[in-house]
Structure formats: structure tokens, C-alpha cells
Amino acid sequence: MYSQDSISGHRRGRPEPTPEMLSGLACLICTTDYRDAPGTEAVVVSHRDGRQLLACRGTCARMACGAVDGLDETPPPLAERVRGHRSGGS
Ligand SMILES: [Zn+2]
């Protein structure tokens, strides 16, 4: 019999997204906080646990998903993301 414990490997190479990234408040790549950089345009580049992950349009987006414009999705407004972050559990 084989033990299943050692098989469930962790994917390495990428840091875990922070709560700010999971709330769409920070760039997944350069960690710019969009609350501090209102001029930075964020685009959706990935999903995790049903949430949209964002990156700055341009280089960051291309690093994250291969397209400078990100995925074909529109993130909610920053104010809405901030509200969701604050009301989010734990
Ligand atoms: Zn960025």
C-alpha cells in the first residue's frame, strides 16, 4: 500500500497571494497597492478561489497571464474592491 501523504505536492515557484491581492487591491506581480497608486490601471489576470486577481496593465499583466491587457474581464471599481476587502471574513 502506498501512503497518499507524500503525493500531494505543493506547487512552488510563486509566492502566495496576499489578502490584498486576493481582494484585487494589489498587483500580483509588483505588489503595487492600487489604493496608493490611483493612476495605475488594473486588469484581471487570474482567478483564485473564485476571486479575480489583478495586475497592472502592461508588463505586470503580461508576466502574469501573457497578455498586456489581461483576461477579457473587467474588474469591479476600486472602491468596491476596498469595501469587499474590509467586509471579507478573517
Ligand atoms: Zn504591477
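1. To start with the overall layout, the chain's secondary structure amounts to three helices and two strands. Going along the sequence, the order is α-β-β-α-α. Keep in mind that this is a predicted model.

2. The two strands belong together: β1 and β2 pair in the antiparallel sense, with six bridges between them. One place to look is A42, which stands opposite C56 in β2. At the turn, the hairpin of β1 and β2 has two residues between the strands, and D49 takes a positive phi near 50 degrees there.

3. Next, the interior. Of the 90 residues in the chain, 26% are buried. The largest nonpolar core has 18 residues, and the ones with the most contacts inside it are C27, L28, V43, V45, L54, A55 and A61. Which elements supply at least two residues each of this core? They are α1 (19–22), β1 (42–48), β2 (51–56) and α2 (59–65).

4. If you skip its neighbours within four places in sequence, L28 is in contact with P17, M21, V45, S46, L53, L54, A55 and A64.

5. Now for C30, which sits in the loop between α1 and β1. Is C30 buried or partly exposed? It counts as partly exposed because 13 other C-beta atoms lie within 10 Å. Again leaving out neighbours within four places in sequence, C30 is in contact with C56 and C60. C30 and C60 are 30 residues apart along the chain, yet their C-alpha atoms are separated by 7.0 Å. C56, for its part, is the residue in β2 that A42 stands opposite.

6. Over in helix α3 (residues 78–87), have a look at A79. A79 counts as exposed because it has 9 C-beta neighbours inside 10 Å, and a residue is exposed at 12 or fewer. How far apart in space are A79 and R35, C-alpha to C-alpha? The distance is 9.0 Å, although A79 and R35 are 44 residues apart in sequence.

7. Taking the contacts between residues at least 6 apart in sequence, 44% join residues at least 24 apart.

Technical notes. Residues are numbered from 1 along each chain as its sequence is written. This is a predicted model: local features need pLDDT of at least 70, side-chain atom pairs count only at pLDDT 80 or more; totals for chains, interfaces and linings use all residues. A nonpolar core is a set of buried Ala, Val, Leu, Ile, Met, Phe, Trp, Tyr and Cys residues joined through C-beta atoms within 7 Å. A residue is buried if 20 or more other C-beta atoms lie within 10 Å of its own, exposed if 12 or fewer, and partly exposed in between; C-beta atoms are placed from the backbone. Helices (H or I, at least four residues) and strands (E, at least two) are DSSP runs, numbered from the N terminus. Two residues are in contact if their C-beta atoms, placed from the backbone, lie within 7 Å. Two strands pair if DSSP finds at least two bridges between them.
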